[in-house]
Amino acid sequence: LQHAEELRTNLMADVSHELRTPLTVMESSLRAHLDHVYTLDDSEVANLYGQTRHLIRLVNDLRELSLAESGHLPLEKIPAEIQSIIHESLQALEPLAAEKNIKMENEAGPTREVSVDPFRIRQVIFNLLSNSLRHTPNGGKISIKTKIDEKEITVLIQDTGDGLAPNELASVFNRFYRADRSRSRETGGTGLGLSIVKAIVEAHGGSVRAESKGKGLGSIFSFSIPL
């Protein structure tokens, strides 16, 4: 009970902290406009619009995470081919990878059909690839592989990015966790992407894992789904 209360308190503090910054920016800008300190031009309106989008994304992510962790996230499972979902996710992120001159390689072998929600598994792969792109420097490399045995299929995403210290591996899937504390919300997202990955995979009866040999040595994020 004490641990649950600590988690609840920490979550409320984290949510308050994440909401405070965009709301403060919006309030101060609008107050200055109402006081005729300055007139809102297109750049200021664009900034306010960006803060609004961040708030909407944060609220949507929190709702989705809450549903998944409570076991109420609707899953529409059908027989699906993981390889095709991987291919679609890589195609969607190829323009972003090209901007940073990051090479993305699909090394996934042939896979068999598995009963999953294709939309949610695509979301998992998309979030993991986006995370790797965010933490991999220009000219880096990201590869995606699959392993399959009689019990489960595993998808592994390996990058040549920032890497993680040993003490960070257990925390990286926590809500609002950021390995780089200086990373802004604009470049670091809502801080809920990996938490949503974990919740969706566990809703499928699977598990997630993060591996790294240390800072600057890249990372491997993987998830396994029962066959």
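**Legends to the close-up views**

**View 1. Strand β2 (residues 103-106) pairs with strand β4 (residues 141-148) in the parallel sense, over 4 bridges.** The view is taken from a predicted model, in which local features need pLDDT of at least 70 and side-chain atom pairs count only at pLDDT 80 or more, whereas totals for chains, interfaces and linings use all residues. Residues are numbered from 1 along each chain as its sequence is written, and side-chain values use heavy atoms, with hydrogens and water left out. Strands (E, at least two residues) and helices (H or I, at least four) are DSSP runs numbered from the N terminus; two strands pair if DSSP finds at least two bridges between them. Within this pairing, M104 stands opposite I142 of β4.

**View 2. β4 and β5 run antiparallel and are joined by 7 bridges.** T146 has V155 of β5 as its bridge partner, and K147 stands opposite T154 in β5. Strand β5 is largely enclosed by the rest of the structure, because 6 of its 8 residues are buried. Buried means under 20% relative accessible area, exposed means over 50%, and partly exposed lies in between (1.4 Å probe, protein chains only).

**View 3. β5 also pairs with β7, in the antiparallel sense and over 8 bridges.** V155 has F223 of β7 as its bridge partner; V155 is also the partner of T146. These strands belong to an open sheet of 5 strands with mixed pairing, in the order β2-β4-β5-β7-β6. At the edges lie β2 and β6 (207-211), each of which pairs on one side only. On average, neighbouring strands of the sheet are turned by 15 degrees against each other, direction ignored.

**View 4. Helix α3 (residues 82-99) lies across β2, β4 and β5, and runs at about 170 degrees to β2.** Helix α4 (residues 118-135) also packs on the sheet, where it touches β2, β4, β5 and β7. The direction of α4 makes about 175 degrees with that of β7. Contact means heavy atoms within 4.5 Å. Axes are lines fitted to C-alpha atoms, for helices over the stretch in contact, and angles run from 0 to 180 degrees between N-to-C directions.

**View 5. Helices α3 and α4 pack at an angle of about 40 degrees, with their axes 9 Å apart.** The two helices are therefore oblique to each other; angles under 35 degrees count as roughly parallel, over 145 as roughly antiparallel, 65 to 115 as roughly perpendicular and the rest as oblique. The crossing of α3 and α4 is right-handed. On the α3 side, the contact is made by I82, I85, I86, E88, S89, L90, A92, L93, L96 and A97. On the α4 side, the contributors are P118, I121, R122, I125, F126, L129, S130 and L133. A crossing is right-handed if the near helix is turned clockwise from the far one by less than a right angle, and left-handed if anticlockwise.

**View 6. The count of aromatic pairs comes to 1.** F173 and F221 form this edge-to-face pair, with 6.0 Å from centre to centre and 80 degrees between the planes. The pair links distant parts of the chain: F173 is in the loop between β5 (152-159) and α5 (185-188), and F221, 48 residues apart from it, is in strand β7 (residues 219-226). Both F173 and F221 are buried. Rings of Phe, Tyr and Trp (its six-membered ring) pair if their centres lie within 6.5 Å; planes under 30 degrees apart count as stacked, over 60 as edge-to-face and the rest as tilted.

**View 7. S29 is found in helix α1 (residues 2-34).** S29 counts as buried because its relative accessibility is 5%. With residues up to four places away in sequence not counted, S29 touches Y38, L40, E44 and L48.

**View 8. The protein as a whole has 6 helices and 7 strands.** From the N terminus on, its elements run α-α-β-α-β-β-α-β-β-α-α-β-β. The C-alpha trace spans about 70 × 50 × 35 Å along its principal axes. Of the 227 residues in the protein, 41% are buried.
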